[in-house]
Amino acid sequence: MSEPAADPWGERLPRKLGLWSTIAVLVGSTIGSGIFRAPAAIAQHIDSVPVFALAWIAGGVVALAGALTFAELACMFPRSGGIYVYLREAFGRLPAFLFGWAELLILRPAAYGAIAVTSSEYAWRLLGADHTQAALSLGPVALSRAQALAIAMIVTVGLINRRGVEFGAIVQNLSTVLKVAALLGLVTIGLVLTPGALPVHVVPAGTSVEAAPAAFVLAMVSILWAYDGWCDVGFVSGEIKDPQRALPKVFILGTAAVVGLYLAANFVYLKVIPLDRMVGSQLIAADVAAALVGPLGVTLVAAAVMISTFGTLNGSMMTGPRVFYAMAEDRLFFTALARVHPRYGTPTGSIMMSVALGSVFVSVRSFAELAEHFVIGIWPFYALSVAAVFVLRRRQPDRPRSYRTWGYPAVPLLFLAASLFLLISYAVQQPLVFGVDLLILASGIPVYWLWSRRNAVSDSAARSPR
């Protein structure tokens with residue numbers, strides 16, 4: 001059967017996602033485990049309530065600035081691949097390939113692994129079983145129960161999304177409704193049962209994080225991990241109905257909803273659990289629920305985390321493989337990954353490869369390692385994508401733009417400033433992790449040149465007379 005024809009934007013995948021399903025992709029991809037467990041990690045670095053609140057607000061402002069800017073890019077190029085397409089159009093094929101290379105080796109497998117492991121751990125907790133207990137051994141690799149179930153979850157969402165983006169959307173819509181309802185329920189109960197002003201924790205003299213910018217930066221890494229996901233909808237913009245009208249609403253409304261939920265949840269957390277006690281809470285939402293409604297709250301929150309992270313995993317499987325599909329369409333990756341299933345209308349090869357990559361990472365990495373590599377690895381490309389708005393306005397001023405970034409140029413400049421601050425500060429504080437990520441990224445340069453040379457030789461052979 002022949003490959004499907006491209007639409008007016010050059011997209012071959014069918015456009016089946018409506019407005020609310022697409023908002024569910026953004027919200028569901030963003031709200032994972034971060035809001036349920038990140039506050040404890042942040043409290044290890046920040047011991048002042050005002051600074052703690054400021055950090056979450058700052059993360060929300062940065063996320064909104066990014067979403068407002070990405071909406072313009074997505075409307076200009078409503079194609080599968082998102083960031084890959086924006087970088088290719090603004091800076092050329094090499095930077096775009098390096099993003100795909102980072103997605104292949106670090107970003108997407110790390111995201112699948114970190115999300116799936118968290119969902120698995122809470123599934124075993126609900127069953128009352130020890131998730132660290134050995135489950136099976138595959139040669140030199142011994143898998144715990146958490147790792148084995150995480151791999152099963154990755155395979156499951158891969159099979160769901162292979163059958164069609166509409167099947168993935170059903171799972172995404174349901175899980176998003178459940179996780180938003182859980183957060184809203186916790187916030188509502190907290191506000192009703194703990195009336196009054198927010199207590200301000202008094203910090204001992206000489207210990208405030210306001211004098212420790214390095215601690216603030218490390219806390220921001222955890223916060224940005226919690227907020228991450230607002231840009232993922234760009235990866236599936238080639239499958240969204242009426243993208244020119246839908247995409248700005250999706251980016252702005254979806255991101256604003258997440259920021260509002262996160263700030264409300266943290267407000268309730270601080271009303272119930274003092275900041276100095278928050279450090280030892282591995283699942284702050286469960287501790288808050290236990291304080292409000294007793295042991296049943298812990299069970300309900302554990303179930304909410306499991307559902308929430310499973311939904312985030314499904315959203316990541318809906319979006320991530322489209323990067324490899326876009327690369328393959330440009331002949332910068334194996335061309336088999338650009339094939340569209342004649343019945344399901346999905347890039348099945350890219351999806352199955354993503355399943356394999358996530359399963360491998362789960363087998364060899366811990367949650368902390370996975371999350372850290374993802375956050376630091378993705379932000380250089382977020383910054384480049386936002387910079388692409390300036391480049392494209394200069395190079396392609398006449399290209400139709402159904403939406404223009406609100407607050408341009410201040411909003412994208414704010415995002416760029418925050419990105420550079422985060423990356424430079426983290427490079428100073430964690431030079432080894434940062435250096436390893438840069439080396440992995442740089443290793444893609446010779447691969448790009450080899451792949452380009454291979455294509456040139458192939459094209460030359462095709463043109464030569466037989």
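Let's start with E11 and R79: their side chains form a salt bridge, 3.6 Å from N to O. By salt bridge I mean a Lys or Arg side-chain nitrogen within 4 Å of a carboxyl oxygen of Asp or Glu. The pair links distant parts of the chain, 68 residues apart. E11 sits in the segment before α1 (19–30), and R79 in the loop between α3 (49–76) and α4 (83–91). Helices here are DSSP runs of H or I, at least four residues, numbered from the N terminus.

A word on the source. This is a predicted model, where local features need pLDDT of at least 70, side-chain atom pairs count only at pLDDT 80 or more, and totals for chains, interfaces and linings use all residues. Numbering runs from 1 along each chain as its sequence is written, and side-chain values use heavy atoms, without hydrogens and water.

Now burial. E11 is buried, at 2% relative accessible area. R79 is buried too, at 17%. The cut-offs: buried is under 20% relative accessible area, exposed over 50%, partly exposed in between, with a 1.4 Å probe and protein chains only.

Next, E329 and R12. Their closest N and O atoms are 2.7 Å apart in a salt bridge. E329 lies in helix α13 (residues 321–329) and R12 in the segment before α1, so this pair ties together parts 317 residues apart in sequence. R12 is buried at 15%, while E329 is partly exposed at 26%.

Shared partners join E11, R12, R79 and E329 into one salt-bridge network. The whole structure has eleven salt bridges.

Technical notes:
Helix = DSSP H or I, 4+ residues; strand = E, 2+ residues; numbered from the N terminus.
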